[in-house]
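Here are a few exercises to work through with the structure open beside you. Try each one before reading its solution.

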Amino acid sequence: MRYLFKTDYRQDTSLWRHRGDLFWYGLLGIVLLVIPFVLGEFYVGELGGVFVFAVAGVGMMLLAGYTGLISLGNAAFLGIGAYTDAILLSHGVPLLIALPVAGLFTGLFGIAIGLPTLRMSGLYLAIATLAFGSIVGTVFQKWEAITGGFDGFAVPAPDIFGVPIQNATGIYYLSLAVLVIVLWFSANILRTPLGRAMVAIRDSEISAQSMGIHLARYKTFAFALSAFITGLAGALFAHYVRFLAPDAFDVLLSVQFVTIVFVGGLGSLHGVVLGALFVRLLPQFIAIVRDDLPFGIGRMPGLEPSLYGLVLVIVILFEPGGIYGRWIKIKRWFQAYPFKRRTSFRRQKSYARSERLR
Amino acid sequence: MEDAARLLQLVVNGAAAGCIYGLIALGFVLIYKATEMINFAQGDIMMLGGFFAFALITHFGLNYWVGALLAILLTAAFGFALDAVVLRRVIGQPQFAVVMLTLGLGFIFRAAAGITWGYDSVGFETPFTNRTINLGGLILGQDNVSIIVGTVLLCGVLYLFFSHTRLGIAMQASSQNQLAAYYMGIPVRTVFSLIWAISAGVAAVAGILLSPVSMIDVNMGFLGIKAFAAAVLGGFGSIPGALLGGVVIGIVEQLAGYFLPAGFQEVTSNVVLLATLILRPQGLFAEIAGKRV
C-alpha cells in the first residue's frame with residue numbers, strides 16, 4: 001500500500017496524486033492511441049460512440065454529480081449542439097470554429113434555462129428540465145425550415161486543415177481529443193474555488209450560502225458549463241451519426257445521460273468514462289449474446305430500456321457509489337489485506353433530508 | 001351557435017382528459033406530501049392498472065365492475081409492496097436518486113407489461129363504450145362523462161376517508177409531522193406504504209376510466225409527464241389543486257389544439273408547466289407557505 005505524505009500545499013491541488021498516476025494514465029493514453037491500428041473498424045466506431053457519450057456524461061456529472069442539480073433535459077442540449085454544428089458546417093464554417101461555437105451557443109441555452117430554475121430545488125428542477133427537453137424535442141420536429149423535420153438533416157463531412165474526417169477512425173481521434181480536453185478542463189475547474197463552490201452547494205446549500213457563495217451565480221454557471229460541454233458532445237454526436245433525426249433527442253436519451261452518471265459513480269470523473277462504457281456497450285453485448293439466451297429472452301422487444309432501468313435500480317439500491325465506488329472498495333480490499341472489516345465501508349445512518357424546512 | 005356547441009364539446013372532452021391528468025397528479029401529490037418523493041412511475045402504474053383490468057375482464061371473463069374493482073385492489077397491493085420492498089430503502093439518499101429509481105422502475109414496468117400483454121393496444125368492453133348521452137342538444141360520449149363522474153365520486157370518497165376515518169387522519173398526521181406521528185403511536189412506515197397503495201389504486205382507477213376513450217397500451221404511462229403540469233399548477237401540495245390543475249391543463253390543451261397551429265397542442269402542458277414554475281412556483285393553490293431557513 002502506498003502512503004501519501006504531503007509535504008507541500010500544492011499537493012492538495014495537483015492533478016496527479018503521485019507518479020504512479022502519471023505512469024498509468026500515460027499507458028492508457030498510448031493504448032488508446034494505438035487501438036485504431038489494432039481493432040477492427042466496428043469496434044473503433046463503437047469506442048468513438050463511447051467517447052461522445054462520455055463527453056456528454058462529463059457535462060451531466062458537473063451538474064448532477066458535483067453541483068447536485070439534476071437535469072432530465074440534457075438531450076435537448078445535445079440536440080441544440082448537434083443542429084448548430086451541422087448547420088454551421090453546411091454553411092461552410094470550418095469544424096474547428098463550428099465545434100466551439102456549437103458549445104457556446106448551447107451554453108447560452110444553459111443560462112436561459114438555468115436562470116429561471118434557480119429558485120427550484122431538486123424535484124421541481126427535474127420536472128422543469130423534463131418539460132424543457134420535451135419542448136425543445138417538439139421544436140426540432142416541427143421547425144422544418146431549420147431542422148428538416150422528420151426528413152432528417154444530413155451532416156456534411158468535416159475536415160481539419162484539409163484532413164477529412166469521415167471514417168470511424170477520424171471520429172475516434174476527434175472525440176478522444178475532445179474528451180481528453182474536456183476531462184482536463186473539468187478536473188482543473190474542480191480544483192479552483194469555483195469547483196469547490198459547486199461541491200459546497202451540492203453538500204449543503206445553506207452552509208454554502210453562509211460561507212459567502214453566491215448560489216444563483218454558481219448554479220447558473222454550472223448549468224451553462226454543463227450545457228456547453230453537452231453542446232460539444234452534440235457536435236461530435238452529429239458527426240458520429242452523420243444524419244440527424246429529430247426524435248433522437250428525446251427523454252430516453254436524457255435518461256441515458258443520467259444513467260451514465262449514476263452507474264459510473266456520482267461525483268467522480270472516472271465514473272463518467274466507466275458509465276459511458278457501460279451504457280454504450282450494453283446494447284452491443286446484448287446483440288452478441290441475444291441468440292444464446294434461454295426462453296427467447298434475447299428476442300423480446302424493449303429489452304434494452306428495461307435492462308437500463310433494472311441496472312439503474314440495482315445500482316441505486318445496492319451500490320450508490322456506482323462502478324467507480326465498487327472499484328475503490330475492491331482496491332482497498334487488496335491494499336489493506338487482510339485488514340478489511342465489515343464496517344470499513346459502512347455508510348452512516350442516514351435520514352431523509354426534508355426540503356420543506358430549508 | 002354551432003361554434004358555441006363545438007366549444008362546449010371541446011371543454012367537456014378537455015375536462016375528461018383533465019380528470020385523468022388530475023387523478024395521476026393526485027397520486028403524485030399524495031406521495032409527495034407524505035414522503036417527499038416523486039413517483040415518476042405513476043403513469044406506468046396507471047398503465048399496469050389498465051392491463052390488470054384488461055386481463056381480469058377479457059381473459060378471466062369477469063364482469064366489468066368486479067374486474068375493475070379487483071384490478072384496483074391488485075394495483076393498490078402492488079403499490080404497497082413497491083414502497084415496502086423498494087422505496088423504503090432509499091430514504092436518506094439524495095432526492096434525485098429517488099427520481100432515477102422511479103424512472104428505472106417505470107422502464108421495468110413497461111417492459112414487464114410488454115412481455116406479458118404484448119406491445120399492441122388492447123381494449124375491453126365497458127358499459128360506456130361507444131354510447132352517447134344527449135344533454136339538451138349537446139351530444140356527449142358516455143366514456144367522457146363516466147370519467148368526469150368517476151373522478152368526482154372518487155374524490156368524494158377520498159375526502160370522506162381523509163377527514164372522517166381514523167386511518168385517514170393518521171395519514172394526514174404522518175404527512176404533516178413524521179416525528180410527532182411516531183410519538184402518537186402511529187405506525188408511520190405502514191401508513192406510508194398505505195399511502196402508496198392509495199395512490200396506486202387511484203392511478204388504476206384513472207387507467208380503467210381512460211380505457212374506453214383511448215386504448216390501453218404499454219406507452220400510456222407517458223401521460224404522467226402531463227400530469228406533472230397538473231400537479232405543479234396545483235401547487236404540488238394540494239389535493240384539490242392537483243385535480244383543478246388537471247382539468248385546467250386538459251381544457252387548455254384541447255383549446256390550443258383547436259385554435260393554434262399544429263404542434264402547439266403537444267407542448268401546451270409543458271409550456272404551462274414551465275410558466276407556472278417561473279412565474280408562480282408555489283402554484284395556484286399553494287398550501288405550503290414560504291420556506292423557513
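Before you start: helix axes here are lines fitted to C-alpha atoms over the stretch in contact, and angles run from 0 to 180 degrees between N-to-C directions. Helices (H or I, at least four residues) and strands (E, at least two) are DSSP runs, numbered from the N terminus. The model is predicted: local features need pLDDT of at least 70, side-chain atom pairs count only at pLDDT 80 or more, and totals for chains, interfaces and linings use all residues. Residues are numbered from 1 along each chain as its sequence is written, while chains are lettered from A and ligands numbered from 1 in the order in which they are written.

**Exercise 1.** Describe how helix 14 of chain A and helix 4 of chain B cross.

*Solution.* Start with the axes: those of helix 14 of chain A and helix 4 (residues 95–117) of chain B come within 8 Å and cross at roughly 145°. Next, find who makes the contact (C-beta atoms, placed from the backbone, within 7 Å). Helix 14 of chain A brings residues including Tyr308(A), Leu312(A) and Ile316(A), and helix 4 of chain B brings, among others, Met100(B), Gly104(B) and Phe107(B). Finally, sort the residues of this contact: 13 are nonpolar, 4 polar and none charged. Here Ala, Val, Leu, Ile, Met, Phe, Trp, Tyr, Cys and Pro count as nonpolar, Asp, Glu, Lys and Arg as charged, and the others, Gly among them, as polar.

**Exercise 2.** Zoom out and describe the side of chain A that touches chain B.

*Solution.* Count first: 44 residues of chain A are in contact with 42 of chain B. Then look for the elements giving two or more residues to chain A's side: they are helix 6 (122–142), helix 12 (251–264) and helix 14 (303–318). Helix 6 of chain A gives the most, 13 residues. By type, chain A's side has 30 nonpolar, 9 polar and 5 charged residues.

**Exercise 3.** Which residues have the most contacts inside the largest nonpolar core?

*Solution.* A nonpolar core is a set of buried Ala, Val, Leu, Ile, Met, Phe, Trp, Tyr and Cys residues joined through C-beta atoms within 7 Å. (Buried: 20 or more other C-beta atoms within 10 Å of a residue's own.) The largest such core has 194 residues, and Val55(A), Leu232(A), Ile20(B) and Ile24(B) have the most contacts inside it. Helix 1 (residues 2–35) of chain B supplies its largest share, 17 residues. Now pick Leu232(A): beyond its neighbours within four places in sequence, its contacts include Val55(A), Leu99(A) and Val178(A).

**Exercise 4.** Sum up the make-up of chain B.

*Solution.* Chain B has 11 helices and 2 strands. Of its 293 residues, 51% are buried.

How values were computed. Two residues are in contact if their C-beta atoms, placed from the backbone, lie within 7 Å. A residue is buried if 20 or more other C-beta atoms lie within 10 Å of its own, exposed if 12 or fewer, and partly exposed in between; C-beta atoms are placed from the backbone.
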